[in-house]
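Hi,

Here is the structure I promised to pass on. Have a look at it first, and then read my notes below.

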Amino acid sequence: MVTIREERIADVAAREALLDKAYGVARFAKTSERLREGRTPASGLSLVAADHRQLVGTVRLWNVAAGPGRNALLLGPLAVHPDHRNRGIGTALMRRVIARARLAGHRAILLVGDAAYYGRFGFSAALTGELRMPGFCEPHRLLALELKSGALAGARGVIGTIGTAEPKPAGSPTLIAAEGSKRRALVQRAA
Ligand SMILES: CC(C)(COP(=O)(O)OP(=O)(O)OC[C@H]1O[C@@H](n2cnc3c(N)ncnc32)[C@H](O)[C@@H]1OP(=O)(O)O)[C@@H](O)C(=O)NCCC(=O)NCCS
């Protein structure tokens, strides 16, 4: 049986392995990653799908500004393990995280993805015509869902970061520098 629940610290390694499987190292080169790196997700909005003890799905939401002075959330990455696709797990993660964001009083969710998939949850490029990601993004893939009617009316400009910076990792300066250069190497390989 698949359970949708909040992500725990013990899930992090399995979540990263799942994202590597779903997206490969190219995920670190995505423009959405520029809005996530070095930050923590929005409170209570990191969910996983677990099938018994195996982590089979992940979704997280991040605090961003949809142009100056307009708070919103950025969704992603969403991923389901290849062996568990087409069982409704992606849909369950999406519906649960949207409901939680609405309950928490958030006003809108943005994402970069396929309208053919995300349209079923109400996401559309119609609301993002005047918004831009901070790097390359095909305009038809920048999608939004309003949780409060009119939340994105007149939204324009570059989507930027807000929210909490990630605490510095524990460990020696050498270890931290090594982690940073590994990530840079992955980004260069993926670009
Ligand atoms: C996208 C993803 C999260 C869907 O997870 P899932 O658990 O298989 O999704 P669900 O079971 O809820 O839904 C499956 C449906 O979504 C459709 N679907 C999956 N990916 C799709 C896409 N990129 N575009 C359009 N439809 C898609 C399937 O064809 C299926 O359609 P059906 O309901 O008509 O049979 C999963 O395929 C994944 O992790 N993919 C890797 C990341 C990726 O490619 N993301 C692309 C979206 S930007």
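**What lines the ligand site**

The shell around the ligand is made up of eight nonpolar, five polar and four charged residues. Before you go further, please keep in mind that this is a predicted model.

In total, 17 residues surround the ligand, and the closest are Asn86, Gly88, Gly90, Thr91 and Asp114. Three elements each give at least two residues to that shell: strand 5 (79–80), helix 3 (89–103) and helix 4 (115–118). As for where the ligand is, it sits in the second largest pocket.

From glycine 90, a polar backbone atom is 2.8 Å from an oxygen atom of the ligand. Tyrosine 117 uses its side chain instead: a polar atom there lies 3.3 Å from a ligand oxygen. With arginine 87 we are back to the backbone, where an N or O atom lies 3.4 Å from an oxygen atom of the ligand.

How much of the ligand's accessible area does the protein cover? On its own the ligand has 870 Å², and the protein covers 66% of that.

**One more residue: histidine 106**

Histidine 106 is in the loop between helix 3 and strand 6 (108–112). Leaving out residues up to four places away in sequence, histidine 106 touches Leu45, Asn63, Leu73, Ala101, Leu147 and Lys148. Take leucine 73 from that list: it is 33 residues from histidine 106 in sequence, yet their C-alpha atoms are 7.5 Å apart in space.

Cheers

How values were computed
Residues are numbered from 1 along each chain as its sequence is written. This is a predicted model: local features need pLDDT of at least 70, side-chain atom pairs count only at pLDDT 80 or more; totals for chains, interfaces and linings use all residues. Side-chain values use heavy atoms; hydrogens and water are left out. A residue is near a molecule or strand if one of its heavy atoms lies within 4 Å of it. A polar contact is a pair of N or O atoms within 3.5 Å; within protein, one must be able to donate a hydrogen and the other to accept it, and residues adjacent in sequence count only if both atoms are side-chain atoms. Accessible areas come from the Shrake-Rupley method with a 1.4 Å probe; for residues, only the protein chains shown count as cover. On a 1 Å grid over the protein atoms alone, a cavity is a set of points where a 1.4 Å probe fits but cannot get out, and a pocket is an open set with protein on both sides within 12 Å along at least five of seven lines; lining residues have an atom within 4 Å of a point. A molecule sits in a cavity or pocket if more than half of its atoms lie within 2 Å of its grid points. Helices (H or I, at least four residues) and strands (E, at least two) are DSSP runs, numbered from the N terminus. Ala, Val, Leu, Ile, Met, Phe, Trp, Tyr, Cys and Pro count as nonpolar, Asp, Glu, Lys and Arg as charged, and the others, Gly among them, as polar. Contact means heavy atoms within 4.5 Å.
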